[in-house]
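Me: I am new to this one and would like a friendly tour. Could you show it to me first?

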Amino acid sequence: MPWKYPHAMILAAGRGERLRPLTDYLPKPLIKIGNRCLIEHHLDALARVGVNQVVINLAHLGDMIESYIEDGKRYGLSVVYSHEPKGALDTGGGIREALRLITNDPFIVLNGDIWTDFQLDSLPDSIEGQGHLLLVDNPVHNTMGDFHLVGQKVLNQPVGNSVSLTFSGVGIYRHSLFNDCPQGRFSLTDLLRQAADRNQLSGQYFSGEWIDVGTVDRLSKARQLAIEQNDSR
């Protein structure tokens with residue numbers, strides 16, 4: 001039986017400035033965590049839950065990612081690519097550009113530069129609004145957080161004693177979230193804040209391991225955690 005969200009997207013077009021000079025010659029999604037590239041951990045996780053088609057957006061050194069992943073068959077997936085211009089289209093513009101390749105609604109999106117032990121089958125079977133976010137505790141590089149979670153609603157402002165949380169880069173979105181967006185470069189965060197103001201954004205909290213692999217120190221931490229969890233397959 002096909003999974004509830006058979007189509008997914010991995011955001012992999014970023015430059016990875018804070019990991020230079022490593023990312024001058026290697027795109028961040030191809031950095032090794034254990035014996036697997038960062039993006040391979042995502043592909044494995046998507047295949048395990050029954051996703052069958054994945055769109056990967058490409059810009060910086062994108063040809064290296066496409067050459068490495070190819071059509072995705074060895075991961076049990078069908079992988080297609082959304083090529084972006086030099087400089088990329090940012091997170092929102094990248095998804096907007098790739099919608100022509102994503103026929104399922106809603107669909108999953110994963111940031112290509114995160115490492116986590118979150119199990120994707122813990123996502124809800126359906127969503128009522130335009131999006132659903134996985135939220136985590138605020139890391140040291142984002143102490144103010146991004147959103148507040150009140151019950152299952154994601155809000156921009158605190159309610160009662162709600163605490164701020166950080167968007168993990170794991171989300172479920174409907175095509176309609178992008179209906180009024182022009183083509184070009186823009187941030188997904190802006191859209192999510194607008195959806196939260198319209199009471200159209202749900203979410204869930206995850207307390208497990210999650211790292212935004214954006215610096216050398218965080219990359220080292222992710223690699224150590226992968227070893228500890230025997231995730232170096």
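Me: Let's start with C181: is C181 buried or exposed?
Reply: This is a predicted model, where local features need pLDDT of at least 70, side-chain atom pairs count only at pLDDT 80 or more, and totals for chains, interfaces and linings use all residues. Residues are numbered from 1 along each chain as its sequence is written, and side-chain values use heavy atoms, leaving out hydrogens and water. Buried means under 20% relative accessible area, exposed over 50% and partly exposed in between, with a 1.4 Å probe and protein chains only. C181 has a relative accessibility of 11%, so C181 is buried.

Me: And C37, buried or exposed?
Reply: The cut-off for buried is under 20% relative accessible area. C37 comes out at 2% relative accessibility, and therefore counts as buried.

Me: How many disulfides are there in the whole structure?
Reply: A disulfide is a pair of cysteine sulfur atoms within 2.5 Å. Searching the whole structure for such pairs gives a total of 0.

Me: How many helices and strands does the protein chain have?
Reply: Helices (H or I, at least four residues) and strands (E, at least two) are DSSP runs, numbered from the N terminus. For the protein chain, that gives 6 helices and 13 strands.

Me: Which residues of helix α4 are buried?
Reply: Helix α4 covers residues 90-98. Its buried residues pack against strands β1, β4, β5, β6 and β11, and against helix α5. They are G92, G93, G94, I95 and A98.

Me: Which residues does S82 touch?
Reply: S82 lies in strand β5, and at 0% relative accessibility S82 is buried. Contact means heavy atoms within 4.5 Å, and residues up to four places away in sequence are not counted here. With that rule, S82 touches V55, I56, N57, L58, E97, A98, R100 and L101.

Me: What separates the C-alpha atoms of T23 and L61?
Reply: T23 sits in helix α1, residues 22-25, and is buried with a relative accessible area of 0%. Along the chain, T23 and L61 are 38 residues apart.
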